[in-house]
Amino acid sequence: MTPPILVTGAAGFIGFHLSAKLLASGRRVVGVDNLNDYYDVRLKQARVETLQRDPAFHFERLDLADNGGVARLFETHRFDRVFNLAAQAGVRYSLQHPHAYVNSNITGFLNILEGCRHHGVGHLLYASSSSVYGANTRMPFSVHDDVDHPLSMYAATKRANELMAHSYAHLFGVPCTGLRFFTVYGPFGRPDMSLFIFTKAILEGRPIDLFNYGRHQRDFTYIDDIVAATAGLIDCIPERNAAWDPRATDPAASSAPFKLYNVGTHRPVELTTVIELLERELGRKAEIRLLPMQPGDVEATYADVAELYDAVGSVPETSIEEGIRRFVAWYREFHGV
């Protein structure tokens, strides 16, 4: 029997959708989540309950910072593929709660790496973020760019994940693939993300705070595209590069079985455009308050997806118009509005 696949953060936005896709393809999935209260736990529980309708899905409530619990998890199930999507998310939340990011994103990820190391996992794929590009202003963002100037604790922990993964790939031969996700949105998304916040405010007649005076641009990437790319890389296992030149300064190259990908649409959109599309779908006008840039924010994100295309032969392509239409339809149904 094919070993089950581990998906951490299975009650989260991306983890839920990825688990559903893997189950639909006939794979067995062990989903792990600590169901913390960073946002409405009822949404997380609804995701888990949806997945549990499939008998091939097994759920375990576990905090990845529990090293004994994670060790038992790997000992029990003997995974061959691991998707680590569990993390403390949110740039602005990290300004006030930095310890949460170390516990989840650093200690938790170390325990996953140890599980992969000691149990011969054939491929670890883990969520990084476009936030790692930090102060870099060269567009589009490339995996070959320098990313050593993070602008938030969240971004710093995601960059640390990439460095930790590289060390385990180098020292212990654990094949590691890092996925730099760009502004993921869609049905069952996180309530702290911009589309949720904007939609809720418009429907309730409350003002929307637009920072950087509305000039922010984001490479919005629809959840189905994120999941297709992520699942498509499951067997694109990095190999050691014997020709790697240690004198080179390319952060995406290595002699270890290690790889990085941007997962985005390659089409940045201004937030004012997103609000206009929401207004059209909701049939209501938004009240907007223009405010200065917030600490930890970047002005724009824009993904170079050449490496992703070379690996899987396709890139995210859902238009922002279509994605918002689907999101609003789900929002109305789920919330009964």
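1. Taking exposed to mean over 50% relative accessible area, Asp-235 qualifies as exposed in this predicted model, because its relative accessible area is 54%. The side chain of Asp-235 forms a salt bridge with that of Arg-81, with an N to O distance of 3.1 Å. This pair ties together distant parts of the chain, since Asp-235 lies in the loop between helix 7 (223–232) and strand 11 (258–263), while Arg-81 belongs to strand 4 (residues 81–84), 154 residues apart.

2. Arg-81 also meets the side chain of Asp-80 in a salt bridge, here at 2.5 Å from N to O. Arg-81 is buried, having a relative accessible area of 10%, whereas Asp-80, at 30%, is partly exposed.

3. Within helix 10 (residues 320–335), Glu-322 and Arg-325 are 3 residues apart and therefore separated by about one helical turn; their side chains meet in a salt bridge of 2.6 Å, N to O. Glu-322 is partly exposed at 25% relative accessible area, and Arg-325 is likewise partly exposed, at 39%. Elsewhere, salt bridges with shared partners connect Asp-148, Arg-159, Glu-162 and Arg-180 into one network. The count of salt bridges comes to 19.

4. Ser-129 is located in strand 5 (residues 123–129) and counts as buried, with a relative accessibility of 5%. Its side chain reaches the backbone nitrogen of Ser-131 at 2.9 Å. Once neighbours within four places in sequence are set aside, Ser-129 is in contact with Tyr-154, Lys-158, Leu-179, Arg-180 and Phe-181; of these contacts of Ser-129, Arg-180 is also a member of the salt-bridge network described above.

Technical notes:
Residues numbered from 1 in each chain as written. Predicted model: local features only at pLDDT ≥ 70, side-chain atom pairs only at ≥ 80, totals over all residues. Heavy atoms only, no water. Helix = DSSP H or I, 4+ residues; strand = E, 2+ residues; numbered from the N terminus. Buried < 20%, exposed > 50% of the residue type's maximum accessible area, 1.4 Å probe, protein only. Polar contact = N/O pair within 3.5 Å; in protein donor to acceptor, adjacent residues only side chain to side chain. Contact = heavy atoms within 4.5 Å. Salt bridge = Lys/Arg side-chain N within 4 Å of Asp/Glu carboxyl O.
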